[in-house]
Amino acid sequence: MTIYDSICRLKSPYDKKTLLWELTNKCLLNCRHCMVISGELFADMDCGIQNVVSLGIERVVLSGGDPILHPDIYNIVKTLSGTCKVDTVLICSGMRIDNEALRLLHDDGLKSITISLDGPCEEIHESIRGPGTFKSAVEAIKLSQKYFQTSASIVVLPQNHHLIINIIEMLQELEISSVSINSYIPVHGNDELNQWVSKYSFAALREQITVFRSENTNIKVKTSGIFTDCKYSCPAGNYLWYLSADNNIYPCPLAQSYKILTNTNFQLPYREKCFALEEMLERLSV
Ligand SMILES: C[S@@+](CC[C@H](N)C(=O)[O-])C[C@H]1O[C@@H](n2cnc3c(N)ncnc32)[C@H](O)[C@@H]1O
Ligand code: SF4
């Protein structure tokens, strides 16, 4: 059996066909690890809806940039949840999230919100995300719980890798029911972080999480990417699609950086970071 065969026999990390939709590449922040090339693009709503229908999408994750900055955000949520009847969730930094925004998103049918939190305190979170961001994230988590099932998302970075359990404990105190821990995806030009992740061993952290899980059942701790030690089959182009703010569809966000669709500038500087690259290429016949 080849490695490809073994990977294909594994389970997908997604239970539903999922579209990760970058509604805009505009953002109020400039996080140290960010993979988004920021700009002023706003996705076309009709293009997104067409993709949802034609790909048979069952779940849409609205992302960005900052998805809340899209001028049609409420209409998009309403159409996806109401007309298309897909589970619609949103991931954001917590900036500009107030009662009014949450009430509108709730009334339009949004199912849940994930808020990014990268530190257990202002000092660490803001060393990654910039001034004023910790308070907004924590306030957004508290407010959002009044309306939605709320989860948090953490990226493991040099600034916070030793404090991941502290962040989870803080989220536990805020009564969050789930948190996902993600590995950093190398970004062109971010040499310091790219070198760090290529040398970083997730073994100790994985062990800490295993112990934490065995002792705590009131918060679900999910891990993904290279962090999982390839327990799953690659979902790209099968269970996962990525729609960029310039309205191009890709099998995953990594494929956008690597220009897999056009295949004219096919470079894989971080090939080893895509845990099931061969499987994805075979599936897409690239
Ligand atoms: C691209 S952001 C868009 C939504 C929103 N601006 C936010 O920060 O939550 C979505 C998630 O991707 C994470 N992210 C950004 N760049 C990343 C990278 N290079 N590797 C892994 N995750 C990254 C962010 O920390 C965030 O949790
Ligand atoms: S808030 Fe999100 S999109 Fe904006 S810079 Fe940070 S990670 Fe990137």
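The following legends describe close-up views of a predicted model.

**View 1. The sheet and its strand order.** The chain has 11 helices and 9 strands. An open sheet of 9 strands is ordered β7-β6-β5-β4-β3-β2-β1-β8-β9, and its pairing is mixed. The edge strands, β7 and β9 (249-250), each pair on one side only. Strands β1 (residues 18-22) and β2 (residues 59-63) are parallel and share 5 bridges. In this pair, W21 stands opposite L62 of β2.

**View 2. Strand β6 between β5 and β7.** Strand β5 (residues 149-156) runs parallel to β6, and 6 bridges join the two. S153 has S180 in β6 as its bridge partner. β6 also pairs with strand β7 (residues 220-223), again in the parallel sense, over 4 bridges. Here S178 stands opposite K220 in β7. In a regular strand the side chains alternate between the two faces of the sheet. In β6 (residues 178-183), V179, I181 and S183 make up the covered face, while S178, S180 and N182 lie on the uncovered one.

View 3. β5, helix α7 (residues 164-173) and β6 form a β-α-β unit that is right-handed. The loop between α7 and β6 contains E175. Phi of E175 is near 65°, a positive value in a residue other than glycine. E175 counts as exposed because it has 12 C-beta neighbours inside 10 Å.

**View 4. The nonpolar core around I154.** Of the 286 residues of the chain, 36% count as buried. In soluble globular proteins, nonpolar side chains tend to be buried together. The largest nonpolar core has 53 residues, and V60, L90, I115, A152 and I154 have the most contacts inside it. Leaving aside residues up to four places away in sequence, I154 touches L117, D118, I164, I167, V179, I181 and N182. Among contacts in the chain between residues at least 6 apart in sequence, 75% join residues at least 24 apart.

**View 5. The surroundings of ligand 1.** Ligand 1 is surrounded by 18 residues, of which M35, S93, S116, S153 and I185 are the closest. By class, the shell holds 10 nonpolar, 7 polar and 1 charged residues.

View 6. The residues around ligand 2 are C27, L29, N30, C31, C34, V36, G64, G65, D66 and S93. This shell divides into 5 nonpolar, 4 polar and 1 charged residues. G64 and G65 are joined by a cis peptide bond, with omega about 25°. G65 belongs to the loop between β2 and α3 (73-83).

View 7. R96 is found in the loop between β3 and α4 (99-107). Its phi is near 60°, a positive value in a residue other than glycine. R96 has 13 C-beta neighbours inside 10 Å and therefore counts as partly exposed.

**View 8. K135 in helix α6.** Helix α6 (residues 133-144) includes K135. K135 counts as partly exposed because it has 13 C-beta neighbours inside 10 Å. The C-alpha atoms of K135 and C121 are separated by 9.3 Å, and the two residues are 14 residues apart along the chain.

Note on methods
Residues are numbered from 1 along each chain as its sequence is written. Chains are lettered from A and ligands numbered from 1 in the order in which they are written. This is a predicted model: local features need pLDDT of at least 70, side-chain atom pairs count only at pLDDT 80 or more; totals for chains, interfaces and linings use all residues. A residue is buried if 20 or more other C-beta atoms lie within 10 Å of its own, exposed if 12 or fewer, and partly exposed in between; C-beta atoms are placed from the backbone. Two strands pair if DSSP finds at least two bridges between them. A crossover is right-handed if, with the strands pointing away from the viewer, the path from the first strand over the helix to the second runs clockwise. A residue is near a molecule or strand if its C-beta atom, placed from the backbone, lies within 6 Å of it. Ala, Val, Leu, Ile, Met, Phe, Trp, Tyr, Cys and Pro count as nonpolar, Asp, Glu, Lys and Arg as charged, and the others, Gly among them, as polar. Two residues are in contact if their C-beta atoms, placed from the backbone, lie within 7 Å. A nonpolar core is a set of buried Ala, Val, Leu, Ile, Met, Phe, Trp, Tyr and Cys residues joined through C-beta atoms within 7 Å.
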